[in-house]
Amino acid sequence: MNFDLSDEQKMLQESARSCLAKEFPVTTTRKAAESLTGYPEELWKKMADLGWLGLALPESYGGLGLGFVDLAVVLEEMGRELTPGPFFSTVVLAGLTLADAGSAEQKKLWLPRIASGGAKGTFAWVERSGEWDGGALVTAARRAGGKYVLNGTKYFVTYAHVADFILCLARTGKALTVFLVDAKAPGVKVEPMAIMDSSRRVSKVEFRNVAVGPRDVVGKPGAGAPIAEGVLSRACVAMAAEMAGGAQRVLEMSIEYAKARVQFGKPIGSYQAIKHKCSNMILEVESARSAAYYSAWANQEGSPDVVEVSSIAKAYASEAYRKVTGEAIQLHGGIGFTWEHPLHLYFRRAKFSELMFGDPAFHRERMLRAVEKSAA
């Protein structure tokens, strides 16, 4: 494989970086955190106009038909500016899931609307246990005549408060099934959750006797486990790319500060201890980025080791981002702890991202299980 971005991908990267840095910088995230939706509506419109919402969706449904690596390029730039909004939940969690496993009717109804910015979606998975393991789910859908009746509560559902539809992973007997649920359907209750990362919005979603029809089943009844495995792998890859972008921006901020901050008559960057810190941070960032892009390529090419590499990328990038932001705060000294400085926003994002979709311990175990399964 070619470890460098193509010319087209470099142009996409430059375009995304320029747009987000000029029009929707970190200061936008601060303001958006105080709004009702948690993101500026003009940002969503801009993403639609630039084609980002349909970047990896099929051309036959209004998308651009590009690959996961191209999507990772945009996600990395979003991570640099802590871009808020339902891009991740709509495109990565909902859109790609429907493109991969949805029926022809579901694709025709939702994918063009996602690509144009006319619809938002999300995926409801984790429950009170906090485990990203299908075996821990208790939300269930029972057959009642020609329909299913859905009952249960999901937590940490990203941007459910603005979603038009929710893909819900539920138990149907001993198996798992994914259902496409109208977010405004009777019995669906969305309640915001308070988390440390103010740049993201998550909700608790309750399903109380929510009726869904056979046409709302994604894939086939009982086929939820492999669909969920694909959702988790894509989410890990996308999150790793986003974290690599955030870590890179924090590294740049730290190097800039080390050059400008003078102590005892010299820039602090001239001291060996600071040089060591910056060198270690560079190593963490570059390794996280390499893992993220390799896993994006593996996902794009349908590699048989996609589960292993997605978990490796998520585990490594999670720890790297947390370490880099922690070191950056120490390097900045007193200013790094203040509310006015953006570093705490990156640290909060790093900590939340580390736990979302499974922490490093979970993903090392997931990787080992996948290796054992392939070796058997």
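**The pocket and its lining**

Modeller: The largest pocket is lined by 20 residues, and those nearest its centre are Glu229, Val307, Arg366, Arg369 and Lys373. A pocket here is an open set of points on a 1 Å grid over the protein atoms alone, where a 1.4 Å probe fits, with protein on both sides within 12 Å along at least five of seven lines; lining residues have an atom within 4 Å of a point. The model is predicted, so local features need pLDDT of at least 70 and side-chain atom pairs count only at pLDDT 80 or more, while totals for chains, interfaces and linings use all residues. Residues are numbered from 1 along each chain as its sequence is written, and side-chain values use heavy atoms, with hydrogens and water left out.

Two or more lining residues come from each of α7 (224-260), α9 (306-332) and α11 (360-375). Helices (H or I, at least four residues) and strands (E, at least two) are DSSP runs numbered from the N terminus. The most is given by α11, with six residues. By type, the lining holds 11 nonpolar, three polar and six charged residues; Ala, Val, Leu, Ile, Met, Phe, Trp, Tyr, Cys and Pro count as nonpolar, Asp, Glu, Lys and Arg as charged, and the others, Gly among them, as polar. The volume of this pocket is about 410 Å³, meaning the space filled by probe spheres set on the points, which are joined across faces, edges and corners.

Buried means under 20% relative accessible area, exposed over 50% and partly exposed in between (1.4 Å probe, protein chains only). In a regular strand, side chains alternate between the two faces of the sheet. From β4, Phe165, Leu167, Leu169 and Arg171 point one way, and Ile166, Cys168, Ala170 and Thr172 the other.

Strands pair if DSSP finds at least two bridges between them. Strand β1 (residues 121-124) runs parallel to β4 and is joined to it by four bridges; alanine 124 has cysteine 168 as its bridge partner. On β5 (residues 175-182), which runs antiparallel to β4, there are eight bridges to β4, and leucine 176 is the partner of arginine 171. Two residues lie between the strands in the hairpin of β4 and β5, where glycine 173 takes a positive phi near 70°.
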